[in-house]
Amino acid sequence: EATGYGVVYFIEEMLKNKKKSMKGKKVIISGSGNVSQFATEKCIDMGAKVLTLSDSSGFIHDPSGINHDKLKYIMDLKNIQRGRISMYVKKYPKAKFYSKKNPWSVPCNVAIPCATQNELTESDAKVLIKNGLTTIGEGANMPCTPGAIKAFKSNNILYAPGKASNAGGVAVSGLEMAQNSLRYTWSRDYVDGKLKDIMSEIHSSCLDYGKEKNNIDYLKGANIAGFIKVADAMLAQGVV
């Protein structure tokens, strides 16, 4: 859950910095595994409407939005039955399945690529921007190609690189190690609260190092913040 929740928490922080929120936003998500499922869950909790999910066979588009009941069906379909996402339209016939295609042509406000590396190209980015995209957060590792990132930056799209936005999984692994070492038992809500705080802190670091004249370069901010964190650790340990 941690990676999926974390990317949505990070996107919410980016929007909050612009005096906006996830509530009411139209969201398209790629993939249908753990990250995609729990990103969808958190988007629903925040009042956003998730329109798409996908797998290697294609994507589904549900104009009425994927609610908690529909998500529960998807989780059973993918995690238990090991079925294809195309089965969704048999259960919910008002949705459509698009074979061998990705969801980036669907108009949205927020995009969350959670499937695989290099899944979102420069041409995909231009279609997204044309169709109303304002914000994108990487749930997968490097899902956006360099050309896509360039297009987002040149059009002032809020772009969260995976090295920042999908850090939730590693962060909660760290919390798990701390809990085990301390022999504590933390509740789910406590861990979720800590995750939210960590994603907020990562966002703040990106802001500190990514500020430009009229914009925030989150990629630059994440790169500098990450470098300084490693450099400070090396200095503290006497490596350099």
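The model is predicted, with local features requiring pLDDT of at least 70 and side-chain atom pairs pLDDT 80 or more, while totals for chains, interfaces and linings use all residues. Residues are numbered from 1 along each chain as its sequence is written, and side-chain values use heavy atoms, without hydrogens and water.

Cys43 is in contact (heavy atoms within 4.5 Å) with Val8, Met22, Val27, Ile29, Ala48, Val50 and Ile112, leaving aside residues up to four places away in sequence.

Helices are DSSP runs of H or I with at least four residues, and strands are runs of E with at least two, numbered from the N terminus. In helix α5 (residues 122–130), Asp124, Ala125 and Leu128 are buried. Viewed down the axis of α5, the directions from the axis to the C-beta atoms of these buried residues fall within an arc of 100°, so they line one face of the helix. They pack against β1 (26–29) and α6 (146–154). Gly132, which follows α5, has a positive phi near 105°.

In α3, the buried residues are Lys70, Leu71, Tyr73, Ile74, Met75, Leu77 and Lys78. Their cover includes α2 (34–45), β2 (49–55) and α4 (88–91). Just after α3, Arg82 has a positive phi of about 55°.

Terms used
Buried < 20%, exposed > 50% of the residue type's maximum accessible area, 1.4 Å probe, protein only.
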